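Let's take a walk through this model together, from the chain as a whole down to a few of its residues. Keep the viewer open as you read.

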Amino acid sequence: MAGTALKLGLNSQLPPFSLFPNQHRSSPLTTTSSSLSVKLFTSKRLHNHKPKAVLSTEKRTEGREEGRDGEKYDAIVIGSGIGGLVAATQLAAKGARVLVLEKYVIPGGSSGYYVRDGFKFDVGSSVMFGFSDKGNLNLITQALAAVGHKMEVIPDPSTVHFHLPKQLSVRVHREYDDFISELISKFPHEKQGILQFYGDCWKIFNSLNAMELKSLEEPLYLFGQFFKKPLECLTLAYYLPQNAGAIARKYIKDPELLSFIDAECFIVSTVNALQTPMINASMVLCDRHFGGINYPVGGVGGIAEALANGLVNMGSEIQYKANVTSIILENRKAVGVRLSNGKEFFARKVISNATRWDTFGKLLKAEELPEEEKNFQKSYVKAPSFLSVHMGVKASVLPPDTDCHHFVLEDSWDNLEKSYGSIFLSIPTVLDPSLAPEGHHIFHIFTTSGIEDWEGLGRKDYEQKKETVANEIIQRLENKLFPGLKSSIVLKEVGTPKTHRRFLARDNGTYGPMPRGTPKGLLAMPFNTTAIDGLYCVGDSCFPGQGVIAVAFSGVMCAHRVAADIGLEKNSPVLDAALLRLLGWLRSMA
Ligand SMILES: NC(=O)c1ccc[n+]([C@@H]2O[C@H](COP(=O)([O-])OP(=O)(O)OC[C@H]3O[C@@H](n4cnc5c(N)ncnc54)[C@H](O)[C@@H]3O)[C@@H](O)[C@H]2O)c1
Ligand SMILES: CC(C)=CCC/C(C)=C/C=C/C(C)=C/C=C/C(C)=C/C=C/C=C(C)/C=C/C=C(C)/C=C/C=C(\C)CCC=C(C)C
C-alpha cells in the first residue's frame, strides 16, 4: 500500500488545520507521499466476506488496492466528517472492514480544528449536543463508546445568549425551568403559548429519546419499533411532516415572540421556524436542557481524532490526502472509487460523506442525475456558507460572567436571514482556557455569506474585502457587547465561503441543504440509500439535516442499512423493497 503508515493517537502531533488559504502552513505530513495511510492491525476481523467475482478483469485489478487477506473492503467512506466517521466506526464495530478516504490531512471536516500561535480553533460549531451520559440521544458519546473512547467534557451553563432587537436579551439556561421563567418574564401575556409550544417539543423529544435509533430504511427495525413503542412512533410519524413555525402559531400570537422562535430555529437550520422541521427543532430545543451542551476538553477536533483512532484500532483504515475524484460504476452499481492520482479502491459498498451536490454533480458527473436526486434538488437548495473570523483577544475585553455562545441581531428582525444580518459568536475558552495562551480568549465569529459575494475578485481586492467585511462585523460586536474589542485583538484570520469550499470540499462552501419553500417537515429529506445500487450518502444532505448530532444520526442510520445489506445485521429483501418504495413515494408527496 502506498503512503506512510503511522499511528494516530489522541495526543499525536497533527498538522495545523487551516481554513485560510493564504496562511496555510506546510506540515511534515504534506511533504510525504500523496496519500497517507493510517493502519493498526490489532483487532481480528469478526467475519469473512467472499470477494465479488466482478472484480477479476486485468484492467480493474491494475492499481487496485487489495484488502488484507486478499479481500476488498466491505465499505469505502469518502470523507471523514463526523457523518462519515460515525458511519465508518459503527460499521467497523459491527465487524466490517472499512476504508475512509479523506482529502485533507486530518479528520473531521467542518468539525476539525487548527492551531495558530498557541490558539486552538474549532473550524465549525463549538455548540455540542449529544455529549451527555444519559438517554438514547447522546449520539456523540455513543459513537465514541462504540470504538472504546470517552472524552472529558465541560458542561455549559447556558446554550446561547440571544441579543436581539429592542434590547431583548434572552439567556438559554441549561436548566429548562430557568429558561422558561426568563422567557415568560419577557412575554408574560404569552405564558400559556410558551408552555404549550415548548411542551409539544418535549412530547417529540421524549418519543425520540425512548427509541433505539437505527435506520428508518430498515423494515425489521422500523416495524419492531412500532410494535415496541407504538405511541412514540405514532407521535413521530404525526410530527414528521410538520414545521416548528406552524405549531408555534397555533399557540402564540405575539409577533416578537414568534420572531424569537424564528431565531431559535435559525441558529440550527439557517432558516426561520416556518421552514424548520418540528422534529429537528424539538431535538435541539430540548436536548440542550436534557443532556445539556457539553464542550469536549481540548476542543471539538478531538472528537474526530478519537473516532479515527478508534476506527484504526478496530482494524479498519483511514488515508489522508486521498482526494476521491470519481465513483466507479459497473452495470450501474457503485463498486469503488478513483483518486486524483489515478489510484483505485474497490469495496462492496461505497458511502459518500460529500454533499449530495458534490456526490451527484462531481463524483458521478458522467451519470444522468437520478430522478430522486432531481426531486431532492427541487425541494432543497444549498444553504449559504459563512464568513468566519477566528481571533485571539486579550482576556481583559470580556465582562465578568460572559457566556460561551452568543447570537446577535441588533436592529431589525428583517435582517435575521440576510447575509451578514446576524452574528454568531463562540468563546470556547470561557469553558476550556487551555485552548489559548494564558490571559487570552478565542473569539470565533461567523455570519452567513454567499459565495457569489466573493467570486470574480482579484487577489488584492479579495484580501481587502475580507478585511473590510470582517472589520464591520467586529465593530458591530464592539458596539453591542465588547467595548475595546478591536484594540484587544492579538491574532485574526478571516475565512470566506471560498475558504470553506476549498478546505471542506463542499459545493459553494454550503452549510448544508435548505428548503426551497415551506417543506413538509422532514418528509422530503432523503435517507442514506440512493438510486445507484451500492452507493449510500451520509452527512448533512441526508435525513435529518445539518448539525453535528444530526450527521452523527445519519452515520448511525447509514451504518445499520449498509450492515443489513452486507449481512452483518438482519434483513428481509422482500420487506426492504416494499419499504424503500413506500419511502420514495412519501418523499415524492412532500
Ligand atoms: N461553520 C460551521 O459551523 C459549519 C460549516 C459547514 C458545515 N457545518 C456542519 O458540519 C456538519 C457536516 O458534517 P458532515 O459529516 O456532513 O460533513 P463535513 O463537511 O464535515 O465533512 C466532509 C468531509 O469529507 C471530505 N471530502 C469531501 N469530498 C471529498 C472527496 N471527494 N474525497 C475525499 N474527501 C472528501 C472533506 O474534506 C471533509 O473532511 C454539519 O453539521 C454541518 O451543518 C458547520
Ligand atoms: C419512516 C416513517 C415514514 C415514519 C416513521 C415514524 C418514525 C418512527 C420516525 C422516527 C424519526 C426519528 C427517529 C427521527 C430522529 C431525528 C433526529 C435524531 C434528529 C436530530 C436532529 C438534530 C439537529 C437538527 C441538530 C442540529 C444542530 C445544529 C445545526 C447546531 C448548530 C449549531 C450552531 C450553528 C452553533 C450556533 C452557535 C452560536 C449561537 C454561537
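Some conventions come with the model: residues are numbered from 1 along each chain as its sequence is written, while chains are lettered from A and ligands numbered from 1 in the order in which they are written. This is a predicted model, in which local features need pLDDT of at least 70, side-chain atom pairs count only at pLDDT 80 or more, and totals for chains, interfaces and linings use all residues; side-chain values use heavy atoms, with hydrogens and water left out.

Let's begin with the overall picture. The protein chain has 17 helices and 22 strands; helices (H or I, at least four residues) and strands (E, at least two) are DSSP runs, numbered from the N terminus. Of its 590 residues, 61% count as buried, where buried means under 20% relative accessible area, exposed over 50%, and partly exposed in between (1.4 Å probe, protein chains only). The chain exposes about 22500 Å², and carbon and sulfur atoms supply 54% of that area. Accessible areas come from the Shrake-Rupley method with a 1.4 Å probe, and for residues only the protein chains shown count as cover. Among contacts (heavy atoms within 4.5 Å) between residues at least 6 apart in sequence, 74% join residues at least 24 apart.

Now turn to ligand 1. Around it are 31 residues, of which Glu 102, Ser 110, Val 324, Arg 506 and Gly 547 come nearest; a residue is near a molecule or strand if one of its heavy atoms lies within 4 Å of it. By class, this shell has 13 nonpolar, 14 polar and four charged residues. Here Ala, Val, Leu, Ile, Met, Phe, Trp, Tyr, Cys and Pro count as nonpolar, Asp, Glu, Lys and Arg as charged, and the others, Gly among them, as polar. Which backbone atoms lie 3.4 Å from an oxygen atom of ligand 1? A polar backbone atom of Gly 109 does, and so does a backbone N or O atom of Tyr 511. For Val 548, the distance from a polar backbone atom to a ligand 1 oxygen is 3.3 Å. A polar contact is a pair of N or O atoms within 3.5 Å; within protein, one must be able to donate a hydrogen and the other to accept it, and residues adjacent in sequence count only if both atoms are side-chain atoms. Taken alone, ligand 1 exposes 860 Å², and the protein buries 97% of that. The elements giving two or more residues to its shell are α2 (82-93) and α16 (548-565).

Ligand 2 has 34 residues around it, with Ile 267, Val 268, Leu 425, Gln 546 and Gly 547 coming nearest. On its own it has 1000 Å² of accessible area, and the protein covers 96% of this. The shell consists of 27 nonpolar, seven polar and no charged residues. Helix α10 gives the largest share, four residues. Elements supplying at least two residues each include α7, α9 (255-269), α10 (278-290) and α16.

One of these elements, α7 (residues 230-239), also packs against α6 (residues 219-228), at an angle of about 115° and with the axes 5 Å apart. Axes are lines fitted to C-alpha atoms, for helices over the stretch in contact, and angles run from 0 to 180 degrees between N-to-C directions. From α6 the contact takes Gln 225, Phe 226, Phe 227 and Lys 228; from α7 it takes Pro 230, Cys 233 and Leu 234.

Next, look at His 289 in helix α10. Is His 289 buried or exposed? His 289 counts as buried because its relative accessibility is 11%. Its side chain reaches the backbone oxygen of His 173 at 3.1 Å.

Finally, consider the backbone. Most residues other than glycine have a negative phi, and most peptide bonds are trans. Phe 543 and Pro 544 are joined by a cis peptide bond, with omega about 0°; Pro 544 sits in the loop between β22 (535-537) and α16. Tyr 420 has a positive phi of about 65° and lies in the loop between β17 and β18.
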